[in-house]
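Subject: Structure handover

Hello,

Here is the structure I promised to pass on. Please open it before you read the notes.

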Amino acid sequence: MADKYAGLGFFDTLFGKGMQLEKTANVVTEIHNISEFTSACYYEELVLTDVKDSENTTNTVASWFGKDPVSKDEICLIIDGKVRAGFDLSKVPEDAIAITSDTLTITLPKTEIFDVIVNPSDCEVYVEDGKWSHEHVTAMQASARERIPEDALSYGILEQADKIGRERLTDLFKTFGFNTVILN
């Protein structure tokens, strides 16, 4: 009995060699259902520091005598961030998909950044000398949220998402039964 199914794919084994995929609107619907196809992630541990004149009493007294403050307040934050990028397949219009026999051709949208995740719980205060307001720490975290995607773009996340995404989508569509997948 094992020889009977030798060389057949998983679907052929379950449904027989005559199984056919409906190659019309169902394919478009299934592609749209995938929606955000994440193909690259960028992780960063960003270290931000800030220094200011200390507000302690010694500095206040020194300033009365025209002397420079003698101490500084310092803060150092370690902020973990993640950037997710890939193809938004819900943006593929129906006319961007063509099926001919066992060939699938799709014009993909450009890769994009889906989200930037910087959670307050992923922020560690490594050094905190002196008085720092909550607003100042929050502003430092906000600057990290702006810098991390810039770093991801410099690293080439969109190019990586495109390359890896095309490879994975080709493999995925071939499991749907297409022998040839062309991604434009």
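**How to read the values**

This is a predicted model: local features need pLDDT of at least 70, side-chain atom pairs count only at pLDDT 80 or more, and totals for chains, interfaces and linings use all residues. Residues are numbered from 1 along each chain as its sequence is written, and side-chain values use heavy atoms, with hydrogens and water left out.

**Layout**

The chain holds 5 helices and 7 strands. Both are DSSP runs, numbered from the N terminus: helices are H or I with at least four residues, strands are E with at least two. From the N terminus on, the order is α-α-β-α-β-β-β-β-β-α-α-β.

Of the 184 residues in the chain, 32% are buried. Buried means under 20% relative accessible area, exposed means over 50%, and partly exposed lies in between (1.4 Å probe, protein chains only).

Strand E1 covers residues 36–53 and includes Thr49. Thr49 counts as exposed because its relative accessibility is 52%. Leaving out residues up to four places away in sequence, Thr49 touches Ile75, Cys76 and Met140. Its C-alpha is 9.8 Å from that of Glu128, although Thr49 and Glu128 are 79 residues apart in sequence.

Glu44 does have a polar partner. Its side chain makes a polar contact with the side chain of Tyr42, at 3.2 Å. A polar contact is a pair of N or O atoms within 3.5 Å; within protein, one must be able to donate a hydrogen and the other to accept it, and residues adjacent in sequence count only if both atoms are side-chain atoms. Not counting residues up to four places away in sequence, Glu44 also touches Ile79, Asp80, Gly81, Ile148 and Asp151.

**The E3–E4 hairpin**

Strand E3 (residues 97–100) runs antiparallel to E4, and 4 bridges join them. Two strands pair if DSSP finds at least two bridges between them. The hairpin has 2 residues between the strands, and Ser101 takes a positive phi near 55° there.

Thr103 belongs to E4, which covers residues 103–106. Thr103 is the bridge partner of Thr100. With a relative accessible area of 19%, Thr103 is buried. Its contacts, leaving aside neighbours within four places in sequence, are Ala98, Phe178, Thr180 and Ile182.

**Helix H5**

Helix H5 has 19 residues (157–175), so at 1.5 Å a residue it should span 27 Å; its end C-alpha atoms are 26 Å apart, which agrees. The expected span is 1.5 Å times one less than the number of residues. The buried residues of H5 are Ile157, Ala161, Gly165, Leu169, Thr170 and Phe173. After H5 comes Gly177, with a positive phi near 115°.

**Salt bridges**

Side chains of opposite charge can pair when their charged atoms come close. The rule here asks for a side-chain nitrogen of Lys or Arg within 4 Å of a carboxyl oxygen of Asp or Glu. By that rule there are 5 salt bridges.

- Arg84 and Asp115 meet at 3.1 Å, N to O. Arg84 is in strand E2 (residues 72–88) and Asp115 in strand E5 (residues 112–117), so the pair ties together parts 31 residues apart in sequence. Arg84 is buried at 17%, and Asp115 is partly exposed at 25%. Glu36, Arg84 and Asp115 are linked in a network of salt bridges.
- Lys91 and Glu112 have their closest N and O atoms 2.9 Å apart. Lys91 sits in the loop between E2 and E3 and Glu112 in strand E5, 21 residues apart. Glu112 is partly exposed, at 23%.
- Asp151 and Arg147 have their closest N and O atoms 3.5 Å apart. Both lie in helix H4 (residues 134–155), 4 residues apart, about one turn of the helix. Arg147 is partly exposed, at 36%.

Best wishes

Note on methods:
Contact = heavy atoms within 4.5 Å.
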